[in-house]
Amino acid sequence: MKGNLTIDNGNTSVKVAYFIGTQVVATNRFMRRDVRLLDRFISTYKPDTAIVCGTAATAGTQRIEQLVEQRCRHVIHLTHETPMPIRLGYSTPQTLGRDRIATAVGAWNIAQRLDNASDVLVIDAGTAITYDLVTADGCFVGGNIAPGVGLRFKSLHEHTGQLPMVDPEGETPVVGYDTPTAIRSGVLLGILGEVKSYIADLKLSHPNLMVFLTGGDGRMLHSRLNDDSIIYYEHLAAEGLNRIYLYNQTHEN
């Protein structure tokens with residue numbers, strides 16, 4: 001059976017996945033400059049079709065898109081105008097990040113299988129942390145964007161005179177007992193409080209809320225939140241991209 005390739009060309013890395021139907025067969029992640037790794041992935045799985053989600057217009061992005069165009073029979077480049085199973089209620093859809101669209105579709109698609117009466121909050125902890133709300137009937141309402149874990153540590157180091165660059169791994173006491181723990185706790189406990197606050201506030205207006213967490217720092221945050229009701233799903237963007245591709249296949253004129 002011929003398969004579909006999904007490419008999430010993010011701010012710091014490229015995430016690829018190979019699907020046969022709705023089942024993910026293989027995934028990989030590499031830096032944008034390592035186009036040869038994508039070429040090797042394509043050579044291994046020989047996808048017939050592809051869907052590409054890009055967040056930055058760079059030379060590396062163009063090389064990736066050119067390679068996919070050369071190697072796949074049909075390629076969709078995701079935009080806000082691409083037909084998809086949810087509708088965009090965002091007032092400026094042309095400015096909406098393609099990765100936010102992909103993760104929103106992925107989370108909503110999974111939620112529909114688990115409980116189709118649930119609204120969905122998608123938390124994507126990457127370079128930035130995005131919080132996006134999708135209603136049970138499939139409307140992307142909107143969301144918020146905040147600095148990610150790495151950006152917060154880096155900003156404290158680069159925009160102050162004395163603060164060191166701190167490794168996120170380590171103790172996070174409620175009250176820091178030295179400068180590294182003060183920074184680490186300030187950043188990580190601050191983010192955890194932010195996440196909990198968003199969830200609590202949204203549950204006031206959307207009591208049947210299903211929460212998904214994904215992104216490069218998603219696993220780490222999920223382990224620290226210690227909340228089994230939050231669903232960690234590593235390949236949420238790939239799930240969404242593949243769902244959008246299948247939707248377009250079904251709805252072709």
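At what angle do α3 and α7 pack, and how far apart are their axes? The angle is about 85° and the axes are 7 Å apart. The model is predicted, with local features needing pLDDT of at least 70 and side-chain atom pairs counted only at pLDDT 80 or more, while totals for chains, interfaces and linings use all residues. Residues are numbered from 1 along each chain as its sequence is written, and side-chain values use heavy atoms, leaving out hydrogens and water.

**View A. Packing of α3 against α7.** The two helices are roughly perpendicular (65 to 115 degrees). The contact (heavy atoms within 4.5 Å) includes Ile 101, Val 105 and Ile 110 of α3 and Leu 236, Leu 241 and Ile 244 of α7. Its residues divide into 9 nonpolar, 4 polar and 3 charged.

**View B. Helix α7, residues 236–250.** Tyr 245 and Tyr 247 are among the buried residues.

**View C. The largest nonpolar core, with 26 residues.** Such a core joins buried Ala, Val, Leu, Ile, Met, Phe, Trp, Tyr and Cys residues through side-chain atoms within 4.5 Å. Leu 78, Val 120 and Phe 212 are among those with the most contacts inside it. Elements giving two or more residues include β4, β7 and β10; α3 gives the most, with 8.

Methods: Helix = DSSP H or I, 4+ residues; strand = E, 2+ residues; numbered from the N terminus. Expected span 1.5 Å × (residues − 1). Buried < 20%, exposed > 50% of the residue type's maximum accessible area, 1.4 Å probe, protein only. Axes fitted to C-alpha atoms, helices over the stretch in contact; angles between N-to-C directions. Parallel < 35°, antiparallel > 145°, perpendicular 65-115°, else oblique. Nonpolar A, V, L, I, M, F, W, Y, C, P; charged D, E, K, R; others polar.
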